[in-house]
Protein chains: 2
Amino acid sequence: MIANTPNPPYYAVIFTSIRTETQEDYIETAKRMVELAQLQKGYLGHESAREGLGITVSYWTNLEAIKQWKMESEHQIAQEKGKSLWYAAYKTRICLVERDYGFSSDFDIM
Amino acid sequence: MIANTPNPPYYAVIFTSIRTETQEDYIETAKRMVELAQLQKGYLGHESAREGLGITVSYWTNLEAIKQWKMESEHQIAQEKGKSLWYAAYKTRICLVERDYGFSSDFDIM
């Protein structure tokens, strides 16, 4: 469930959101967007949690891959529905991952 | 609840974790670490959610502020307890936020 990303540098898109109460198509679309993202060139993985605030981080090889994903046609429709139906507020941050390190009780190095 | 960060560039630390079942001191320490982080020079805000996977993103003015926070003495003890008690696995990613944009149904621009 922790994304198995390659050695840096790579890119992260942090999408932080607050939902409205509108459920219409939300779960189906969210699922479909994950499927679709995974098919995109340059997709490296993603992590997601919601507890009031929702945080989804997706990982990408470079800025061009992020741009292509933002412009993908089904994703564009979902973005519009996001603004009109599902989200009261959101913030997207495009980040260059410069360094990473980890720990796992099962392995010495992650 | 969405962190009110300044215009980029600034830094993000993405901390993704899977918990053990050990509760000992966890909630108290997590609370204390938030208080302590907010007092650090260069702290800009943070966002957090757990749903199985936990994602905490903290925002900082620069790498030096992140380094100082990593070395803070109470935080060092918490990091050790994290590895020995609270986390089955985690990954920390240090990122330069290059661009951000947002939406709020209450405001035109966020």
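My entries follow, one topic at a time.

**Ground rules.** I am working with a predicted model, in which local features need pLDDT of at least 70, side-chain atom pairs count only at pLDDT 80 or more, and totals for chains, interfaces and linings use all residues. Residues are numbered from 1 along each chain as its sequence is written, chains are lettered from A and ligands numbered from 1 in the order in which they are written, and side-chain values use heavy atoms, with hydrogens and water left out.

**Helix pair.** I started with helix α1 (residues 26-39) and helix α3 (residues 73-86) of chain A, whose axes come within 11 Å and cross at roughly 150°. Helices here are DSSP runs of H or I with at least four residues, and strands are runs of E with at least two, numbered from the N terminus. The axes are lines fitted to C-alpha atoms, for helices over the stretch in contact, with angles from 0 to 180 degrees between N-to-C directions. The crossing makes α1(A) roughly antiparallel to α3(A) (over 145 degrees). I then listed who meets whom: Y26(A), T29(A), R32(A), M33(A) and L36(A) from α1(A) touch E74(A), H75(A), A78(A) and W86(A) from α3(A), contact meaning heavy atoms within 4.5 Å.

**Aromatic rings.** How many aromatic pairs does the whole structure hold over all chains? My search gave 18. Rings of Phe, Tyr and Trp (its six-membered ring) pair if their centres lie within 6.5 Å, and planes over 60 degrees apart count as edge-to-face. Y43(A) and W60(A) have ring centres 5.6 Å apart and planes at 80°, so I noted them as edge-to-face. Y43(A) sits in strand β2 (residues 43-51) and W60(A) in strand β3 (residues 53-60) of chain A, 17 residues apart. Both Y43(A) and W60(A) are buried, that is, under 20% relative accessible area with a 1.4 Å probe and protein chains only.

In chain B I found F15(B) and Y87(B), also edge-to-face, at 5.3 Å centre to centre and 75° between the planes. F15(B) lies in strand β1 (residues 10-19) and Y87(B) in strand β4 (residues 87-104), 72 residues apart. F15(B) and Y87(B) are buried. I also traced a cluster in which ring pairs link F15(A), Y26(A), W86(A), Y87(A), Y90(A) and F103(B).

**Loop residue.** Last, I checked E72(A), in the loop between α2 (63-71) and α3 of chain A. Is E72(A) buried or exposed? E72(A) counts as buried, because its relative accessibility is 16%. Beyond neighbours within four places in sequence, E72(A) contacts L36(A) and Q40(A).

Technical notes. Angles under 35 degrees count as roughly parallel, over 145 as roughly antiparallel, 65 to 115 as roughly perpendicular and the rest as oblique. Rings of Phe, Tyr and Trp (its six-membered ring) pair if their centres lie within 6.5 Å; planes under 30 degrees apart count as stacked, over 60 as edge-to-face and the rest as tilted. Buried means under 20% relative accessible area, exposed over 50%, partly exposed in between (1.4 Å probe, protein chains only).
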